[in-house]
Amino acid sequence: MTNKAIGKICEELCDWAINDPEALKVTLFFNDRGITWDVIDDWRKKFPKFDAAYKVALQAIGDRREIGAIKRGLDSNIVK
């Protein structure tokens, strides 16, 4: 994996997590691309940029789920 390719994935991941209202689990992004947890863990260790993007995505998804629960748009049990 090249730095350029990782940069593209980082951009796509953050854009998806921040802008797609259906982005409720980070695994959805990776499953659609055939990327396994082993690869994600490896990339997080090798590429600080990817680790940062992953954390941004988790935060954006968490915010969406929490706000949805507060507004009763989502089941509050998913934010435990």
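**Figure 1. The whole chain.** From the N terminus on, the elements of the protein chain run α-α-α-α. That comes to four helices and zero strands. Helices (H or I, at least four residues) and strands (E, at least two) are DSSP runs, numbered from the N terminus. This is a predicted model, in which local features need pLDDT of at least 70, side-chain atom pairs count only at pLDDT 80 or more, and totals for chains, interfaces and linings use all residues. Residues are numbered from 1 along each chain as its sequence is written, and side-chain values use heavy atoms, with hydrogens and water left out. The C-alpha trace spans about 40 × 20 × 20 Å along its principal axes.

Figure 2. The protein chain exposes about 5500 Å². Carbon and sulfur atoms supply 53% of that area. Accessible areas come from the Shrake-Rupley method with a 1.4 Å probe; for residues, only the protein chains shown count as cover. Buried residues make up 34% of the 80 residues. Buried means under 20% relative accessible area, exposed over 50%, and partly exposed in between (1.4 Å probe, protein chains only). The chain holds 14 positive and 13 negative charges, and their mean positions are 2 Å apart. Lys and Arg count as positive and Asp and Glu as negative; His and the chain ends are not counted. Each charge is placed at NZ of Lys, CZ of Arg, CG of Asp or CD of Glu. Among contacts (heavy atoms within 4.5 Å) between residues at least 6 apart in sequence, 54% join residues at least 24 apart.

**Figure 3. The largest nonpolar core.** This core has 21 residues. Those with the most contacts inside it are Leu13, Trp16, Val26, Phe30, Trp43 and Phe50. H1, helix H2 (26-32), helix H3 (37-46) and H4 each give two or more residues to the core. H1 gives the most, with seven residues. A nonpolar core is a set of buried Ala, Val, Leu, Ile, Met, Phe, Trp, Tyr and Cys residues joined through side-chain atoms within 4.5 Å. In soluble globular proteins, nonpolar side chains tend to be buried together.

**Figure 4. Tryptophan 16 in helix H1.** Helix H1 covers residues 3-19 and holds tryptophan 16. Tryptophan 16 counts as buried because its relative accessibility is 16%. Leaving out residues up to four places away in sequence, tryptophan 16 touches Ala23, Lys25, Val26, Leu28, Phe29 and Ile61. Aspartate 38 is 22 residues from tryptophan 16 along the chain, and their C-alpha atoms are separated by 21 Å.

Figure 5. Valine 26 sits in helix H2. At 8% relative accessibility, valine 26 counts as buried. Its contacts, neighbours within four places in sequence aside, are Leu13, Trp16, Trp37, Tyr54, Ala57, Leu58 and Ile61. Alanine 60 is 34 residues from valine 26 in sequence and 9.8 Å away in space, C-alpha to C-alpha. Phenylalanine 30 touches Leu13, Ile35, Ile40, Phe50 and Tyr54, again not counting residues up to four places away.

**Figure 6. Aspartate 51 and its arginine partner.** Aspartate 51 lies in helix H4 (residues 48-70). This aspartate 51 counts as buried, at 16% relative accessibility. A polar contact of 2.7 Å joins its side chain to that of arginine 44. A polar contact is a pair of N or O atoms within 3.5 Å; within protein, one must be able to donate a hydrogen and the other to accept it, and residues adjacent in sequence count only if both atoms are side-chain atoms.

Figure 7. Arginine 33 is found in the loop between H2 and H3. With a relative accessible area of 40%, arginine 33 is partly exposed. The C-alpha atoms of arginine 33 and glutamate 66 are separated by 26 Å. Glutamine 59 belongs to helix H4. Glutamine 59 counts as exposed, at 54% relative accessibility. From glutamine 59 to arginine 44, the C-alpha separation is 16 Å.
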